[in-house]
Amino acid sequence: MVAKSMLKSAAALVVLGLVAGTADARPVKWARAGDALTLDPHAQNEGPTHNVLQLLYEPLILRERTGKLLPTLATSWKTTEDDPTVWEFTLRQGVKFHNGSTFNADDVVFSLERALQPTSDMKGLLTFIDKVSKVDDHTVRIKTKGPNALVPNYLTNLYMMDKEWAETNNTVTVQDYKEKKDNFAVRNANGTGAYALVSREQDVRTVLRRNDGYWGKGEFPLGVSEITYLTIKSDATRIAALLSGEIDFVQDVPVQDIERLEKTPNLKVNLGPENRTIFLGMDVASPELKTSNVKGKNPFADKRVRQAFNIAVDREAIKRVVMRGQSVSAGVIAPPFVNGYTKELDALPKVDVDKAKALLKDAGYADGFQVTLNCPNDRYINDEGICQAVTAMLAKIGIKVNLVAQPKGPHFTLIQKSPPETDFYLLGWGVPTYDSHYVFSFLYHTRSGKDGTWNATRFSNPDIDRKIQSLNTEIDVGKRNATIADIWKTLGDETVYIALHHQTLAYAMKKDLDVQVSPENAVHMKFIAAK
Amino acid sequence: MQDVPENIAPSRAALGEPSAGNKRGVRRSRLAAFLDSDLLHSFLRSKLVVVAAVLSVAIMGAAFLAPLIAPHDPYDLKSLSLLDANTPPAWEKGGDRQFLLGTDDQGRDILSTMLYGTRSSLQIGICSVLLASVLGLSLGLWAGYVGGRVDAVIMRIADVQLTFPSILTALLIDGVALAIFRHHSLDGGKFWILVLAIGLSFWVQYARTVRGVTLVERNKEYVEAARLIGIGPLKIMFQHILPNVLGPVLVIATINLVLAIITEATLSFLGVGLPSTEPSLGTMIQVGNKYLFSGSWWMVAFPGLTLALLALAVNLLGDWLRDALNPKLR
């Protein structure tokens with residue numbers, strides 16, 4: 001007996017020793033349904049793309065999980081004393097890119113100018129910029145078109161590239177994603193981030209290794225030594241891989257599996273709200289819909305049709321059944337985190353099938369009509385299930401919806417092309433600036449130049465556009481908020497979008513890992529400690 | 001067995017068909033010949049085959065009578081209520097008599113959806129087998145009878161296609177067709193795209209078999225006689241040679257029916273088949289697969305079982321038919 005127990009404790013010691021030996025760092029296998037669309041830091045302003053990019057590249061200022069702005073490649077920033085339209089950023093010294101070259105002001109000027117190119121998808125965030133200039137190697141100034149208090153908020157997803165690397169590898173021009181163009185930066189990366197790229201197979205696996213020359217060593221826990229980011233589209237396969245212990249962390253747990261995972265002894269689930277709203281968009285301005293049986297006119301151009309759709313969709317039923325309670329039904333496409341959000345805006349329209357039918361009849365569509373609904377099937381939680389439920393709800397008011405569900409790559413292309421190639425679509429929008437202007441400028445502003453790049457509704461209202469522009473330069477917070485409220489009020493009557501719900505996130509992981517949900521759904525691995 | 005002894009094709013007597021030259025008394029002798037044939041005897045001798053046949057007929061019958069016997073119409077989106085979703089089968093706790101085998105994640109009755117889904121799967125299977133066999137038969141006859149360059153070209157194409165798994169070919173054709181018709185409303189079009197994709201990926205087997213048999217047949221006296229009296233090649237091919245190659249084609253078609261149904265299910269499972277609003281068996285399994293870990297086993301179990309049973313039964317029939325029609329095995 002004694003010998004046996006000694007053997008046991010010896011074994012325990014060995015195990016402890018092994019654990020202790022690896023305690024300072026561990027590899028993490030991480031799975032999600034969808035992959036980054038590209039590694040070009042400025043080609044796509046899309047959540048999962050940023051999620052991978054933020055491991056490799058860094059912004060001047062990072063938004064932490066708590067919402068706080070954290071000095072990253074810039075150590076401080078302020079407007080200059082004599083001119084409120086000039087922002088001065090002091091850059092961090094001693095920062096190296098993965099290839100060893102030094103980070104300096106030239107890289108910042110280059111990166112911001114690159115992000116302003118016509119093919120950049122980040123240009124919509126930078127409409128306030130007049131000029132970027134270098135003061136010295138560690139100081140950069142941004143001249144804005146007018147006084148703008150929110151400048152730091154717009155820079156949290158703007159990653160800094162190495163100027164020389166981009167020039168050497170012929171990637172000075174941003175990849176034109178929607179035209180399916182390619183460049184060196186799409187599959188290679190040279191950032192300052194805590195993790196460097198080892199290998200990448202698009203939509204299969206991306207391997208990253210901890211950057212030994214990282215400037216934040218000692219400042220952040222950096223408990224993850226290697227990241228294997230796997231794209232596993234099938235919900236069942238992803239969860240099976242977690243249950244079997246093959247992977248350590250699933251970033252998008254299907255709502256139906258939360259209960260089961262919570263009950264599994266060596267796993268845990270962290271829940272939290274995301275700063276994102278899921279909604280439907282309609283082409284409200286084309287003379288004719290491409291996929292409808294109504295010819296010669298556009299049913300969505302009639303506000304009554306949009307209102308009928310709005311009150312035919314039973315959000316609470318979608319929440320209860322499709323989302324299993326893991327969402328917050330929405331009446332507005334701005335999540336509660338956003339400046340300008342109010343409970344009144346978010347009030348749910350009352351579901352009324354009879355009234356919806358009456359509205360359709362008034363509009364001249366007593367027998368309904370046909371239209372195609374484009375839906376992603378690997379981007380949002382249960383996205384295809386939501387679309388199916390909407391299809392059935394619209395059938396009840398006589399609308400025959402053809403559902404086309406496809407992966408997010410081709411789906412987003414339909415929305416981003418000019419002119420857009422969809423009549424009716426599902427989209428989710430997250431707001432990294434925590435301000436309504438971001439929603440307005442991308443989703444409501446007339447599509448022109450840097451604005452309205454994700455507005456596939458063709459909605460265009462010069463008065464609203466002017467007001468959206470004014471938000472860029474209004475420095476008086478009270479006045480600015482009044483304009484935001486005013487815009488939301490006008491838009492509320494238009495029903496350009498049908499808000500469905502604010503998304504809730506569920507992360508599942510092994511018990512010895514602790515990844516908290518971030519409202520932006522970006523997992524900053526450098527904050528994770530080894531246990 | 002004396003009329004076509006050196007031929008791997010089945011005897012016409014076995015198929016219950018009169019030989020080409022003897023057309024007298026056709027109507028009476030067909031039934032009589034069938035009742036007296038080896039085919040019927042060998043069928044009745046094997047209990048397994050009888051069970052397989054009964055099962056196939058039952059599943060197919062139920063599927064084609066779906067609109068009459070299904071308790072709900074799952075394609076009628078108006079009748080769906082999300083609130084019925086995820087109901088377990090009637091005998092389980094929380095079950096509802098209205099939904100005998102439970103409902104799926106959108107509130108569709110599983111039993112009705114299965115009936116309709118099997119019908120779609122079968123329709124696609126049968127249509128694509130027809131397409132594949134007509135195409136393969138014509139090309140095989142043509143290649144075998146004409147020979148030379150035509151033969152070489154057709155058979156090399158067939159060889160190339162054989163190097164790809166049929167599911168890959170089907171995926172390719174499906175993808176191309178979808179890209180072409182991207183801007184068209186696909187109301188019902190998806191059905192024909194699937195038929196095309198599956199049909200085109202299966203024609204090779206028919207063509208190769210038919211060509212083989214045709215090569216043997218074209219040198220026989222009856223063909224030469226026909227040629228001597230001035231009958232055109234088309235007429236010789238389709239009226240004289242065709243009846244002699246139908247046997248193997250029938251066997252391939254039966255087995256291919258299963259393969260076609262499974263291919264359709266696979267395509268739907270991969271998300272490029274029938275839309276989720278008009279589920280086939282494959283689509284149902286794909287949807288149910290998502291709920292494997294959450295305890296809603298009925299969503300995947302029943303359609304999966306139906307597909308397996310149908311495939312097994314038709315396969316057994318096909319196997320038996322192949323053996324029964326093969327004179328060398330008797």
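User: What makes strand S5 (residues 86–91) of chain A and strand S7 (residues 139–144) of chain A a pair, and in which sense do they run?

Analyst: The model is a predicted one, and in it S5(A) and S7(A) are linked by 5 bridges in the antiparallel sense. One of the positions involved is A:Val86, whose bridge partner in S7(A) is A:Lys143.

User: What links S4(A) to S5(A), and over how many bridges do they pair?

Analyst: S4(A) and S5(A) also pair in the antiparallel sense, over 5 bridges, and therefore they pass the threshold of at least two. A hairpin of 6 residues joins S4(A) to S5(A). Across this pairing, A:Trp77 stands opposite A:Phe89 of S5(A).

User: How do you know which architecture chain B has, and how many helices and strands does it contain?

Analyst: Chain B has 12 helices and 0 strands, and its pattern along the sequence is accordingly written as α-α-α-α-α-α-α-α-α-α-α-α. Of its 330 residues, 46% count as buried, a label that requires 20 or more other C-beta atoms within 10 Å. Among contacts in chain B with a separation of 6 or more, 67% join residues 24 or more positions apart.

User: What describes the packing of helix H5 (residues 110–146) of chain B against helix H8 (residues 189–217) of chain B?

Analyst: A packed helix pair is described by the angle and the distance between the two axes. For H5(B) and H8(B), the axes come within 5 Å and cross at roughly 35°, and the crossing is right-handed. The contact of these two helices comprises 21 nonpolar, 9 polar and 2 charged residues.

User: What are the corresponding values for H5(B) and helix H10 (residues 233–269) of chain B?

Analyst: The axes of H5(B) and H10(B) come within 7 Å and cross at roughly 145°, again in a right-handed crossing. The contact includes B:Leu122, B:Val129 and B:Tyr145 of H5(B), together with B:Met237, B:Leu257 and B:Glu264 of H10(B). By class, 18 of its residues are nonpolar, 5 polar and 1 charged.

User: Which domains does chain A have, and where do their bounds fall?

Analyst: Chain A is divided into domain 1 (26–248 + 513–527) and domain 2 (273–505). Their C-alpha centres lie 29 Å apart, and the contact takes 28 residues from domain 1 of chain A and 26 residues from domain 2 of chain A. The side of domain 1 of chain A that touches domain 2 has 10 nonpolar, 10 polar and 8 charged residues.

User: How many residues of each chain take part in the contact between chain A and chain B?

Analyst: Chain B contributes 22 residues and chain A 25 residues. On the side of chain B, these divide into 10 nonpolar, 8 polar and 4 charged residues.

Conventions
Residues are numbered from 1 along each chain as its sequence is written. Chains are lettered from A and ligands numbered from 1 in the order in which they are written. This is a predicted model: local features need pLDDT of at least 70, side-chain atom pairs count only at pLDDT 80 or more; totals for chains, interfaces and linings use all residues. Two residues are in contact if their C-beta atoms, placed from the backbone, lie within 7 Å. Ala, Val, Leu, Ile, Met, Phe, Trp, Tyr, Cys and Pro count as nonpolar, Asp, Glu, Lys and Arg as charged, and the others, Gly among them, as polar. Domain bounds come from an automatic or database domain assignment. Axes are lines fitted to C-alpha atoms, for helices over the stretch in contact, and angles run from 0 to 180 degrees between N-to-C directions. Helices (H or I, at least four residues) and strands (E, at least two) are DSSP runs, numbered from the N terminus. A crossing is left-handed if the near helix is turned anticlockwise from the far one by less than a right angle, and right-handed if clockwise. A residue is buried if 20 or more other C-beta atoms lie within 10 Å of its own, exposed if 12 or fewer, and partly exposed in between; C-beta atoms are placed from the backbone.
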